[in-house]
Amino acid sequence: MRVEIADCVFDINATYAYMKEFMKEYIVLDDAELKGNIPIIEVTAKEIEFEQEGYEETFDKGYLETLAVLRKLSEYLSLDNVILFHGVAMTYNDRCYIISAKSGTGKSTHAALWKRYVTDGKVEIINGDKPFIRLNDKKFIVYGTPWCGKEGCHINTKAELAGIIFIERSKENYIERLDMSASLGLLMQQVHITNTGAALNMAVCDSLLNNVPIYRLGCDISKEAVRTSFEALTGKRII
């Protein structure tokens, strides 16, 4: 199965049929000219079992295989200035904004509120959980992936990153831009550091801290919460 993820082509040798359905939006046609130059991704039974560790719930082997493949893809892509990030990636006017926080804080809820209250129809969620981010000459390109969380929101597209917000629950809505020292700890909690490309991962993060605005957002689940984040990130107003 040939797929394209984050502008890179891979051949995935899957054990379970689930993979083809999972990857269907990212499958590309075979190109004979590329044969021999494409990384082959395959995982062992042991690597699949590893993804089950730490969970009380028993997951389907096909689903676990997708997680093992993601781990291996991240290793390859890390050598090409790509990091795997935990957050909801959404676009507005072809620019990407990532909402990040610890699981269960309300990332998906806040993204859904953008779609509800930004009424010009230009908000799209391109990934609900694990987008890839590529450093390209001090610009950062965010990619949709099929690893998208329980809501299943993803689009096979890409957009330039324009800002990251780390959210926390609050009775009052506020937003503040963070300096590098305040951003670093929050950022590193949400980046997957690979074994083979750790130094490159850190270099990408350092460049991100220097070139992308990062904010802390305290919010509830109101329209005012959307107004607070949307207007700070985009410079536009919500009526």
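Residues are called buried at under 20% relative accessible area, exposed at over 50%, and partly exposed in between, using a 1.4 Å probe and protein chains only. The structure described here is a predicted model, in which local features need pLDDT of at least 70, side-chain atom pairs count only at pLDDT 80 or more, and totals for chains, interfaces and linings use all residues. Residues are numbered from 1 along each chain as its sequence is written, and side-chain values use heavy atoms, with hydrogens and water left out.

Helices (H or I, at least four residues) and strands (E, at least two) are DSSP runs numbered from the N terminus. Helix α4 spans residues 107-117, and its buried residues are Lys107, His110, Ala111, Leu113 and Trp114. These residues lie on the same side of α4 because they cover an arc of only 155° around the axis, the arc being that of the directions from the helix axis to the C-beta atoms. As a reminder, an α-helix has 3.6 residues a turn, so residues three or four places apart point the same way. What do the buried residues of α4 pack against? Their partners are the strands β5 (88-92), β6 (95-100), β7 (123-127), β10 (158-169) and β13 (214-219), together with helix α7 (223-234); contact here means heavy atoms within 4.5 Å.

Rings of Phe, Tyr and Trp (its six-membered ring) pair if their centres lie within 6.5 Å, with planes under 30 degrees apart counted as stacked, over 60 as edge-to-face and the rest as tilted. By this rule the model holds 8 aromatic pairs. In one of them, the ring centres of tyrosine 97 and tryptophan 114 are 6.0 Å apart and the planes stand at 45°, so the pair is tilted. Because tyrosine 97 belongs to strand β6 and tryptophan 114 to helix α4, the pair ties together parts that are 17 residues apart in sequence. Tyrosine 97 and tryptophan 114 are buried. Tryptophan 114 also forms an edge-to-face pair with phenylalanine 230, at 5.2 Å centre to centre and 75° between the planes. Here the partners sit in helix α4 and helix α7, so the pair ties together parts that are 116 residues apart in sequence. Phenylalanine 230, like tryptophan 114, is buried. Ring pairs link Tyr92, Tyr97, Trp114 and Phe230 into a cluster.

Charged side chains come next. Side chains of opposite charge can pair when their charged atoms come close. A salt bridge is counted when a side-chain nitrogen of Lys or Arg lies within 4 Å of a carboxyl oxygen of Asp or Glu, and the count comes to 13 salt bridges. Lysine 24 bridges to glutamate 21, with the closest N and O atoms 2.8 Å apart. Lysine 24 counts as partly exposed because its relative accessibility is 48%, and glutamate 21 is likewise partly exposed, with a relative accessible area of 48%.

Glutamate 51 and arginine 71 form another salt bridge, with 2.7 Å between the closest N and O atoms. Glutamate 51 lies in the loop between α2 (45-50) and α3 (61-78) and arginine 71 in helix α3, so the pair ties together parts that are 20 residues apart in sequence. Is glutamate 51 buried or exposed? At 7% relative accessibility, glutamate 51 counts as buried, whereas arginine 71, at 36%, counts as partly exposed.

Arginine 216 and glutamate 176 also form a salt bridge, the closest N and O atoms being 2.7 Å apart. This pair links distant parts of the chain, 40 residues apart, with arginine 216 in strand β13 and glutamate 176 in strand β11 (residues 174-177). Arginine 216 is partly exposed at 22% relative accessibility, as is glutamate 176 with a relative accessible area of 34%. Salt bridges that share partners also join Glu224, Arg227, Glu231 and Arg237 into one network.

Aspartate 7, in the loop between β1 (2-5) and β2, has a positive phi of about 65° although it is not a glycine. Aspartate 94, found in the loop between β5 and β6, has a positive phi of about 70° and is not a glycine either. Aspartate 7 counts as partly exposed at 38% relative accessibility, whereas aspartate 94, at 69%, counts as exposed.
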